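Here's a quick briefing on a few helices and loops to look at. Have the sequence and the model side by side as you read.

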Amino acid sequence: MRVAVIGGGPGGLYAAALLKRLDPAREVTVWERNAPEDTFGFGVVLSDETLGGIEHADPVVYRALQDAFVRWDDIDVVHRGRTLTSGGHGFAALGRRKLLSVLHERCRSLGVRLRFREEAQPAAELARTHDLVIAADGVHSATRAAHAEVFRPKLTTHRCRYIWLAADFAFDAFRFEIAETEHGVMQLHGYPYTDDASTVIVEMREEVWRRAGFDDADERTSADQCAKIFADALGGRPLRGNNSQWTAFRTVVNERWSHGNTVLIGDAAHTAHFSIGSGTKLAVEDALALVACLQERPGDGGIPDALAAYESERRPVVLSTQRAARASLQWFEEIGGYLDQPPRQFAFNLLTRSRRVTHDNLRLRDPGFTDAVERDFGAPAGTPPMFTPFRLRGLTLRNRVVVSPMDMYSAIDGTPDDFHLVHLGGRALGGAGLVMTEMVCVSPQGRITPGCTGLYTPEHEAVWRRVADFAHTQSPGSAIGIQLGHSGRKGSTKLMWDGIDEPLPDGDWPLAAPSALSYRPGVNQLPRALDRAGLAEIREQFTEAAVRAARCGFDLLELHCAHGYLLSSFLSPLTNHRSDGYGGDLEGRLRYPLEVFDAIREVWPEERPMTVRISATDWADGGTTAEDAVEIARAFTAHGADAIDVSTGQVVSDERPEYGRSYQTPYADRIRNALGVPVIAVGAISSWDDVNSLLLAGRADLCALARPHLYDPHWTLHAAADQGYEGPGAPWPLQYRAGSRTPPTGRTDGPKPRLRLDS
């Protein structure tokens with residue numbers, strides 16, 4: 001096998017060494033356009049997991065790296081002159097030059113040909129003369145660009161500028177320091193990589209960078225100015241560069257990683273923001289996985305299968321890392337919004353920003369730090385944050401868990417039945433502080449499907465009163481809320497399990513919307529654009545439903561302004577093309593939803609809270625943005641909303657959501673910290689650890705969970721049992737109290753050795 005490696009970074013070198021070590025007959029050549037001693041940046045951080053893979057695959061490289069590592073456990077967060085330290089994290093770093101030197105030596109010893117100061121031929125030409133071409137040519141990959149029609153890359157440039165520098169002393173911890181300057185907020189990321197040197201990254205928003213004059217500064221001027229700004233962190237020492245330039249981070253995503261016998265690895269295939277320290281780690285792990293897949297599929301015919309297996313194995317890992325990196329990157333982009341948090345909460349927020357470090361594993365690493373954060377939050381000793389009470393107007397919730405609204409599509413002519421009683425009653429018995437109904441429609445024409453519930457007849461009201469009464473009497477202290485909405489252009493469709501968003505084959509009803517735009521042109525019905533009479537009629541339907549809801553005894557009312565239904569369609573510029581006072585700019589698009597809100601608030605009892613669910617982004621070009629969402633939340637809060645329930649999307653059919661764990665919570669976080677208003681976070685929050693983490697970090701006040709409550713109606717009570725909590729935030733119903741402990745299982749431990757007998 002003849003192998004060509006384009007790029008002599010850690011990933012390319014390590015792949016070359018492994019390929020040659022596993023089969024000395026392979027002819028492996030690495031092309032690197034720079035000199036052996038040339039490199040960019042200073043230190044490299046590797047995880048224990050990555051080192052374990054290296055140790056297993058090549059003990060020689062592992063031992064050489066082990067001898068060069070510096071190790072430390074602490075993270076220091078400096079917030080307005082106060083240093084907060086969290087321990088137990090476990091880092092290992094070494095100089096990038098040292099890493100490359102170790103890999104150069106290993107490659108030479110194995111017989112890999114290293115061709116420095118030489119441009120490789122284009123990948124297409126190498127592919128004709130080699131069995132395998134490994135493109136490890138970095139974030140600016142020429143290989144990726146030359147075959148863009150195959151790899152289909154997406155490059156996203158972000159909003160901060162940063163520069164890699166170094167200081168000639170060793171920090172004793174991973175240090176994050178914030179500088180609030182006349183130009184704006186700047187941050188330092190620093191860590192040791194030898195006993196006498198540290199990497200220092202300085203980062204700030206683009207506009208701050210320009211105001212500070214860095215756009216016209218050379219390397220020396222930039223280093224000197226950064227040293228002055230962070231003089232306290234550096235102890236007055238200077239900073240130095242290494243061909244250092246200010247740059248904006250680019251996230252690289254490719255739809256495919258291979259083309260024929262050419263494969264991308266490392267930054268050529270994907271990038272992850274430096275704030276989670278994963279660039280070199282991912283490249284080395286790519287090399288390990290690629291070589292393993294090739295080894296498992298020997299022969300020329302195995303190469304396509306091996307490349308497919310490599311991508312299949314690595315893509316989920318990389319996507320997960322990129323989601324974490326994106327969360328971290330966005331946190332630092334918005335860091336100015338967190339500076340007024342109490343110091344420990346700010347530090348906890350920073351430490352958990354990527355959602356990979358959570359409350360529970362931070363407690364394992366540093367219980368003293370976590371206990372202090374919980375005390376500052378106001379959690380009594382032994383009480384997990386999720387089981388602290390929260391007050392909205394005259395309603396005090398016993399804990400921070402909300403059963404999110406979930407359409408059940410099980411009503412007949414809008415009338416709920418015993419299914420809804422059992423479904424919602426069961427969740428009330430399950431311990432959640434607030435149980436929400438599904439979207440309850442305000443008219444027959446406002447239903448999404450024939451199975452959607454309504455509140456527009458006396459029969460509806462009678463059943464809903466029975467549901468609310470059950471929750472209050474059988475689960476004392478549990479609150480139950482109703483969500484009111486109108487389907488708009490997304491109505492008159494089949495039940496979800498018969499075809500979500502598919503139009504009814506018969507028995508359909510006319511639709512209404514802000515503008516005559518169908519949800520899916522040519523598929524869904526074309527709605528009529530509402531005139532003033534139609535607007536007034538629907539507004540009255542909302543108020544009539546609210547009056548009925550109050551008589552039913554619901555504790556809270558939520559107005560549904562999300563997910564592309566009627567009121568949401570007014571808010572989005574993609575679905576509201578009106579030219580009158582109810583369209584145009586955001587103020588105009590808000591007018592009708594605010595009129596409906598005001599009309600409901602006027603008839604809804606003063607002591608009972610009202611919330612509003614919004615879609616904080618449309619996940620589509622030209623739609624609602626995160627900045628718009630803040631202004632939408634500001635407007636509803638000014639009109640009396642007690643909390644904003646922050647969801648996203650489902651507004652247009654061609655949306656492209658960025659799914660992942662807790663993927664919507666950054667939008668709730670942004671609204672809460674920009675406006676200081678209570679928010680409900682929702683969206684792929686699945687564990688009690690996530691809930692505790694979001695609350696302690698100040699990203700949410702309440703957490704709404706949907707599918708976990710379908711999987712386990714007693715999710716909240718089981719979360720209390722898992723955490724050893726038996727307090728007022730999670731009381732078990734008397735009938736269930738005997739089951740409040742985890743059932744015993746069979747023993748799995750064997751007898752412990754008692755004596756040692758020497759022969």
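Helices H17 and H19 cross in a right-handed way, meaning that the near helix is turned clockwise from the far one by less than a right angle. This is a predicted model, where local features need pLDDT of at least 70, side-chain atom pairs count only at pLDDT 80 or more, and totals for chains, interfaces and linings use all residues. Residues are numbered from 1 along each chain as its sequence is written, and side-chain values use heavy atoms, with hydrogens and water left out.

**The H17 and H19 pair**
- The axes (lines fitted to C-alpha atoms over the stretch in contact) of H17 (residues 458-474) and H19 (residues 532-552) come within 8 Å and cross at roughly 40°.
- On the H17 side, Pro458, Glu461, Trp464, Arg465, Ala468 and Asp469 meet Arg548, Arg551 and Cys552 of H19; contact here means heavy atoms within 4.5 Å.
- Sorted by type, the contact residues come out as 4 nonpolar, no polar and 5 charged (Ala, Val, Leu, Ile, Met, Phe, Trp, Tyr, Cys and Pro count as nonpolar, Asp, Glu, Lys and Arg as charged, the others, Gly among them, as polar).

**Helix H16**
- H16 (residues 418-429) is mostly covered, with 9 of its 12 residues buried (under 20% relative accessible area, 1.4 Å probe, protein chains only).
- Its cover includes H17 and strand S20 (434-441).

**Two loop residues with positive phi**
- His563, between strand S24 (556-561) and helix H20 (566-571), has phi near 65° and is buried at 8% relative accessible area.
- Trp619 has phi near 55° and is buried too, at 11%.

Terms used. Axes are lines fitted to C-alpha atoms, for helices over the stretch in contact, and angles run from 0 to 180 degrees between N-to-C directions. Helices (H or I, at least four residues) and strands (E, at least two) are DSSP runs, numbered from the N terminus. Buried means under 20% relative accessible area, exposed over 50%, partly exposed in between (1.4 Å probe, protein chains only).
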